[in-house]
Amino acid sequence: MEIILYPEKESWSAYLQRPHREASELRDIVKTVLDDVQEHGDEAVRRYEQKFDKVSLDSLAVSEVEMQEAESLVSEDLKAAIRLAHENIERFHVAQKFDGIKVETQPGVVCWQKAVAIEKVGLYIPGGTAPLFSTVLMLATPAKIAGCKDIVLCSPPDREGKLHPAILVAARIAGVNRIYKIGGVQAIGAMAYGTETVSKVSKIFGPGNQFVTAAKQQVSLHEVAIDMPAGPSEVAVMADDSADAEFVAADLLSQAEHGMDSQAVMFTDSEALARAVADEVERQLAVLPRKDIAEKSLEYSKIIVVRNLEEVVEITNEYAPEHLILAMKNYEEVAGRIVNAGSVFLGNYSCESAGDYASGTNHTLPTSGYAKAYSGVNLDSFCRKITFQELSPEGIRNIGVAVERMAEAEHLDAHKYAMTVRLRKVGRP
């Protein structure tokens with residue numbers, strides 16, 4: 001990994017650049033597929049499955065026979081691991097349930113909120129080089145807790161027209177309603193517009209490659225909501241001289257193996273640790289099964305050595321990582337100073353892998369610096385908040401005149417009159 005020593009603050013932004021993808025190159029390709037799916041429905045979806053996933057599908061929906069077959073193909077050990085992860089994710093997200101409190105803002109004026117589930121949600125689960133069955137749990141579990149009535153899942157099939165069995169097992173455990181063998185842009189289009197087979201949803205969740213990301217962004221302009229802007233996955237490690245170089249290198253590589261455009265960075269004030277970690281990365285990389293992918297990702301990755309702890313905190317907040325590991329002796333104090341991050345892992349034993357799979361927190365997180373403005377997926381992501389208010393005659397008398405004056409100042413006479421007629425009825429204060 002490249003080591004950058006003591007950069008001046010003016011140059012930080014250049015060193016903190018993410019892998020750049022030119023979205024305009026994708027726009028026309030993605031738009032063509034989306035328009036085709038919107039116009040031709042299932043027929044277009046099948047055509048693109050043949051073109052991109054190299055499979056001819058008689059049925060887009062996963063059958064009960066396929067679900068039972070998947071159950072037989074997944075080992076009992078893996079099923080137990082999936083159930084454990086599901087239980088922890090469920091426990092963490094149940095605790096996020098919203099209880100609206102009625103507030104009397106003035107005597108006779110009562111306001112409150114109610115959380116209402118989004119009725120139809122779509123989950124996109126990548127297949128490809130890493131079938132992310134863990135993401136099924138991360139998305140379907142809070143959707144089920146929120147009370148979403150229709151949970152639709154799309155994932156690309158293999159050349160035999162089947163989904164990875166662990167995806168199907170996780171979907172059944174988490175309570176997915178409908179599962180379809182559709183990948184890529186055509187899956188996003190099917191959920192956004194609806195087809196003869198796939199029902200239209202109101203919000204789409206889930207990661208994907210650059211084409212899926214571009215498709216989500218395009219359909220969000222007019223058709224559906226999406227979970228958040230997305231980019232390549234990333235991790236930052238803040239480390240001091242108490243960190244274990246072997247641990248840190250493993251954490252960096254666990255991110256690098258995600259994809260060729262993933263990014264792993266380390267911020268430290270210890271030059272000796274930086275060199276030890278760089279050496280350890282090379283040692284571990286040599287025996288990594290996904291070495292080719294990780295090696296490409298490491299081209300975008302770096303270790304940045306700054307002058308002191310203050311600069312470590314400052315540069316980390318500027319980077320705003322998706323995942324942040326605090327491999328530091330005083331991690332609790334440092335954690336209180338972190339304001340920009342998707343999910344934070346405290347101490348040498350809190351590896352990102354725990355959050356990716358089974359600690360209970362959600363691993364669907366803001367990337368590309370969006371942690372400065374966005375939260376990761378949580379229970380609220382699957383809900384809407386509706387506000388209510390109730391005014392009694394006493395409430396009308398208490399706020400009516402203020403409403404009249406404000407409406408008049410904005411030259412909205414009908415607004416004013418709606419309150420005036422009520423004041424006449426109940427009597428002006």
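**Entry 1: the sheet.** I began with strand β3 (residues 109–117), which pairs with β14 in the antiparallel sense over 9 bridges. My strands are DSSP runs of E with at least two residues, helices are runs of H or I with at least four, and both are numbered from the N terminus. Two strands pair if DSSP finds at least two bridges between them. I found Val109 opposite Leu391 in β14. The sheet is open, has 3 strands in the order β2-β3-β14, and its pairing is antiparallel. At the edges I noted β2 (103–106) and β14 (383–391), each pairing on one side only. From one strand to the next, the twist averages 30°.

**Entry 2: ground rules.** This is a predicted model, so I kept local features to pLDDT of at least 70 and side-chain atom pairs to pLDDT 80 or more, while totals for chains, interfaces and linings use all residues. Residues are numbered from 1 along each chain as its sequence is written, and side-chain values use heavy atoms, with hydrogens and water left out.

**Entry 3: helix α16.** Which strands does α16 lie across? Helix α16 (residues 393–409) lies across β2, β3 and β14, and runs at about 95° to β14. Axes here are lines fitted to C-alpha atoms, for helices over the stretch in contact, with angles from 0 to 180 degrees between N-to-C directions. I checked the length too: at 1.5 Å a residue, the 17 residues of α16 should span 24 Å, and its end C-alpha atoms are 24 Å apart, which agrees. (The expected span is 1.5 Å times one less than the number of residues.) α16 also bends by about 50° at Ile399, the bend being the angle between axes fitted to the seven residues ending there and the seven starting there.

Next I listed the buried residues of α16: Gly395, Ile396, Gly400, Glu404 and Ala407. Buried means under 20% relative accessible area, exposed over 50%, and partly exposed in between (1.4 Å probe, protein chains only). Their cover includes β3, β14 and α17 (413–426). After α16 comes His411, with a positive phi near 60°.

**Entry 4: the cores.** A nonpolar core is a set of buried Ala, Val, Leu, Ile, Met, Phe, Trp, Tyr and Cys residues joined through side-chain atoms within 4.5 Å. The largest one has 40 residues, and Val121, Cys148 and Phe382 are among those with the most contacts inside it. Elements giving two or more residues to this core include α5 (76–94), β4 (120–124) and α6 (133–146). The largest share, 9 residues, comes from α6. Leaving aside neighbours within four places in sequence, I found Cys148 in contact (heavy atoms within 4.5 Å) with Ala117, Ile118, Glu119, Val121, Ala143 and Phe382. Apart from this core lies another, of 31 residues, among them Val185 and Met191.

**Entry 5: two loop residues.** Is Arg18 buried or exposed? Arg18 counts as buried because its relative accessibility is 18%. I placed Arg18 in the loop between α1 (12–15) and α2 (23–40). Arg18 and Ser368 are 350 residues apart along the chain, yet their C-alpha atoms are separated by 6.6 Å. Beyond four places in sequence, the contacts of Arg18 include Glu234, Tyr319 and Ser368.

Pro131 lies in the loop between β4 and α6, and at 24% relative accessibility Pro131 counts as partly exposed. Pro131 and Lys97 are 34 residues apart in sequence and 30 Å apart in space, C-alpha to C-alpha.
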